[in-house]
Amino acid sequence: MRPDATSRVFLGDYPTPVEPLPTLSRPGASLWVKRDDLTAPAYGGNKVRKLEYVLGDARARGKTELLTAGAVGSHHVLATALYGARNGFRVRAVLVPQPRTEHALVNLRAELALGLDASATREALVPFALGRRYRKETYFVQVGGSSVLGAMGYVDGARELSAQVRSGQLPEPDLVVVTLGSGGTAAGLAAGFALEGMKTRVLGVSVVGPTAVFAWYTHHLARACVARAGGSVSRGDLAARLTTTNRWLGRGYGYATDEGARAITLAKDAGLTLDATYTAKSFAAALDVLEGGREKVVLYWHTLSSAPMAPLLEGALSEVPPSLLALLRGG
Ligand SMILES: *Cc1c(COP(=O)(O)O)cnc(C)c1O
């Protein structure tokens with residue numbers, strides 16, 4: 001098999017639904033949601049589309065072990081542990097600290113229950129820790145799954161939305177609001193909308209610093225996705241349709257904000273469950289856009305799994321190794 005072939009492992013159920021959120025819409029400005037919380041029944045959210053290409057590439061290259069890095073309670077590490085193991089890979093990760101929350105602790109316990117071989121390090125030492133663990137059979141899964149290949153999963157996501165627009169399930173959005181972490185999701189969407197010739201623009205709401213670095217990387221990824229898809233979209237078109245903002249970040253990754261807390265409550269009344277680290281901040285931004293009244297059709301791209309965690313915690317140890325537990329700091 002050609003290692004570069006876009007071999008893909010199928011993990012998700014597509015298309016994910018699109019739904020209106022009438023209680024949060026305004027006269028002349030409607031809010032919709034793309035339910036990527038439902039990408040897969042065992043564990044959904046936005047890591048599923050990315051891992052389909054990433055795991056496919058690892059398999060095509062004959063690798064048997066995945067190695068990645070991330071915050072100790074990260075969805076990326078959890079999703080890689082789950083879908084890696086299910087597809088026959090050994091999964092190892094280098095984990096770094098994040099603020100202590102119940103959500104992060106549950107994720108860590110699930111990662112370990114899924115058989116993740118985890119070790120703790122400090123953020124500055126991640127490259128060395130990865131280098132030490134790298135072997136011939138190792139495939140490196142980029143942080144957040146946001147390699148160009150991973151982001152291609154969201155070019156597919158954009159194409160899926162385009163088909164839903166064409167079939168009349170929703171009006172063509174003026175703006176998609178999505179959480180921006182490592183950038184693959186926002187980049188793939190912007191590239192995909194451009195390739196589809198849609199008018200839809202993307203607002204990436206940063207939840208990780210340094211935001212300038214991630215914003216730069218997201219634009220770079222979007223261009224790389226267009227090139228990989230073999231499309232011709234001008235640099236200017238791509239740049240104009242992808243905006244990032246750090247206005248909702250607060251103290252930083254993993255720290256809750258007041259606007260986020262308000263967004264969690266409003267979303268809950270509308271039937272959506274958000275988390276404080278990722279989706280509360282971007283949903284707050286979406287509500288702000290609606291209030292601004294400049295966009296007629298706003299689509300919130302939901303990226304947080306809504307699958308129950310209990311099955312993933314089966315067989316979880318009651319005791320988490322102290323070196324890993326110590327990565328959940330303060331709070
Ligand atoms: C990882 C994650 C993101 C960030 O996506 P990127 O592609 O890394 O920018 C957003 N929301 C949730 C819930 C996530 O787990």
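Q: Before we start, what pLDDT do local features need here?
A: The model is predicted, and local features need pLDDT of at least 70, side-chain atom pairs count only at pLDDT 80 or more, while totals for chains, interfaces and linings use all residues. Residues are numbered from 1 along each chain as its sequence is written, and side-chain values use heavy atoms, with hydrogens and water left out.

Q: OK, how many residues surround the ligand?
A: There are 15 of them, with Lys 47, Lys 50, His 75, Ser 182 and Thr 185 the closest, where a residue counts if one of its heavy atoms lies within 4 Å of the ligand.

Q: And which side chain is 2.7 Å from a ligand nitrogen?
A: That is Thr 303, through an N or O atom of its side chain, and a ligand oxygen is 2.9 Å from an N or O atom in the side chain of Asn 46.

Q: What about Gly 184?
A: A polar backbone atom of Gly 184 is 3.3 Å from an oxygen atom of the ligand.

Q: Switching topic, where does the ligand sit?
A: The ligand takes up the space of the largest pocket, meaning that more than half of its atoms lie within 2 Å of the pocket's grid points. A pocket is an open set of points on a 1 Å grid over the protein atoms alone, where a 1.4 Å probe fits, with protein on both sides within 12 Å along at least five of seven lines; lining residues have an atom within 4 Å of a point.

Q: Which residues lie nearest the centre of that largest pocket?
A: Ala 71, Val 143, Val 208, Phe 214 and Tyr 253 do, out of 41 lining residues.

Definitions and conventions
A polar contact is a pair of N or O atoms within 3.5 Å; within protein, one must be able to donate a hydrogen and the other to accept it, and residues adjacent in sequence count only if both atoms are side-chain atoms.
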